[in-house]
Amino acid sequence: MKNYLLLASLLGLASVGQAQTAPPVPNAVLGSFSPKAHDHGSIYLNWSYNRDWYTKSDIRFKNDKSDDYDFTFHNAVAHDHPSMSDFWKPSNLTVPQYDLTVGYLFHDKNDLGIEVSWNHLKYVVDDYQTMRVSGEIRGFKFDRDTLVTPDFVHLQHTNGNNYLMVNLVKRHSLMAGRHVTLSAVGKVGGGPMISYTISSIFTSHAEGPFHYEGWVAGASAGLRLEFYKYFFLNTDFQGAYARYTNSYIGADRLGRVTHHFGSAQLIYGFGFNVPI
């Protein structure tokens with residue numbers, strides 16, 4: 001009997017020793033009970049200016065309600081209008097071609113983000129250019145090279161050729177220091193054009209209003225130089241396809257202008273970044 005009691009005592013001491021020296025349970029087993037740091041995202045605001053270039057465009061003018069015409073300009077040439085004189089004055093801040101962007105970076109493993117941008121470009125069809133014009137005006141049919149003067153037609157989207165876009169953003173870090181970070185940034189997106197067209201046809205003049213005139217899709221690539229995580233300088237080069245489907249022309253706004261073109265936009269500016 002004494003031998004059995006001694007053996008039981010030894011087994012009890014051994015089990016206590018094993019319990020005291022058991023290895024810790026790994027974090028993988030603890031799962032959600034293990035504390036884990038969460039990396040929040042950041043909101044940014046960007047203000048920029050731009051220069052723009054456009055492809056040639058076939059522009060159709062039509063009115064079968066208050067007049068009788070349906071004709072097309074073939075390979076019309078257009079340019080931008082920077083309007084950068086005195087841009088630094090607060091009253092002239094939005095006169096030049098500018099870009100305003102609000103975005104959110106998720107700070108996830110793919111370094112993705114989303115943003116909404118308002119790109120204020122300007123598009124002016126060159127006056128006094130000779131181009132092929134074909135179609136019909138009040139029963140007269142024609143197809144010939146024509147010198148287009150403002151007394152015939154003038155067209156400009158200068159208040160402006162506005163792209164309202166929602167973009168998916170991808171950032172890739174190129175260089176990271178203690179207080180300075182250089183990143184490459186790519187974007188792709190699209191949205192409506194809320195434009196303001198100034199035009200005249202047969203000296204019948206019309207301006208505006210701001211309204212939906214078509215849609216745009218585009219992509220861009222650029223660089224962002226960040227300072228102390230809160231400030232940055234940026235440059236982007238954007239290519240876009242714009243399609244106007246609902247532009248007014250004529251004082252009664254019953255004429256319509258339709259056309260499409262490619263645009264290239266060089267953007268340069270600064271912004272503020274707010275971690276949250």
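## Nonpolar cores

A nonpolar core is a set of buried Ala, Val, Leu, Ile, Met, Phe, Trp, Tyr and Cys residues joined through side-chain atoms within 4.5 Å, where buried means under 20% relative accessible area, computed with a 1.4 Å probe on protein chains only. The structure is a predicted model, in which local features need pLDDT of at least 70 and side-chain atom pairs count only at pLDDT 80 or more, while totals for chains, interfaces and linings use all residues. Residues are numbered from 1 along each chain as its sequence is written, and side-chain values use heavy atoms, with hydrogens and water left out.

In the largest nonpolar core, which has 30 residues, Ile59, Phe61, Phe71, Phe73 and Tyr163 touch the most other members. Among the elements that give two or more residues to this core are strand E2 (57–63), strand E3 (69–76) and strand E15 (255–275), strands being DSSP runs of E of at least two residues, numbered from the N terminus. Beyond its neighbours within four places in sequence, Phe61 is in contact (heavy atoms within 4.5 Å) with residues including Tyr69, Phe71, Leu155 and Ile249.

## The largest cavity

A search of the whole structure finds three cavities of 30 Å³ or more. A cavity is a set of points, on a 1 Å grid over the protein atoms alone, where a 1.4 Å probe fits but cannot get out, and its lining residues have an atom within 4 Å of a point. A volume is the space filled by probe spheres set on the points, which are joined across faces, edges and corners.

The largest cavity has a volume of about 150 Å³, and of the 19 residues that line this cavity, Glu115, Lys187, Ser220, Gln238 and Ile267 are the closest to its centre. The lining divides into four nonpolar, eleven polar and four charged residues.

## The second largest cavity and Asn46

The second largest cavity has a volume of about 70 Å³, and the closest to its centre, of its 13 lining residues, are Asn46, Lys187, Arg224, Asn234 and Asp236. Strand E14 gives the most to this lining, with four residues.

Asn46 is placed in strand E1 and counts as buried because its relative accessibility is 6%. The side chains of Asn46 and Asn234 are joined by a polar contact of 2.8 Å, a polar contact being a pair of N or O atoms within 3.5 Å, of which, within protein, one must be able to donate a hydrogen and the other to accept it, and residues adjacent in sequence count only if both atoms are side-chain atoms. A polar atom of the Asn46 side chain also lies 2.7 Å from the backbone oxygen of Phe270.

Note on methods
1 Å grid on protein atoms, 1.4 Å probe; cavity = no way out; pocket = protein on both sides within 12 Å on 5 of 7 lines; lining within 4 Å. Nonpolar A, V, L, I, M, F, W, Y, C, P; charged D, E, K, R; others polar. Buried < 20%, exposed > 50% of the residue type's maximum accessible area, 1.4 Å probe, protein only.
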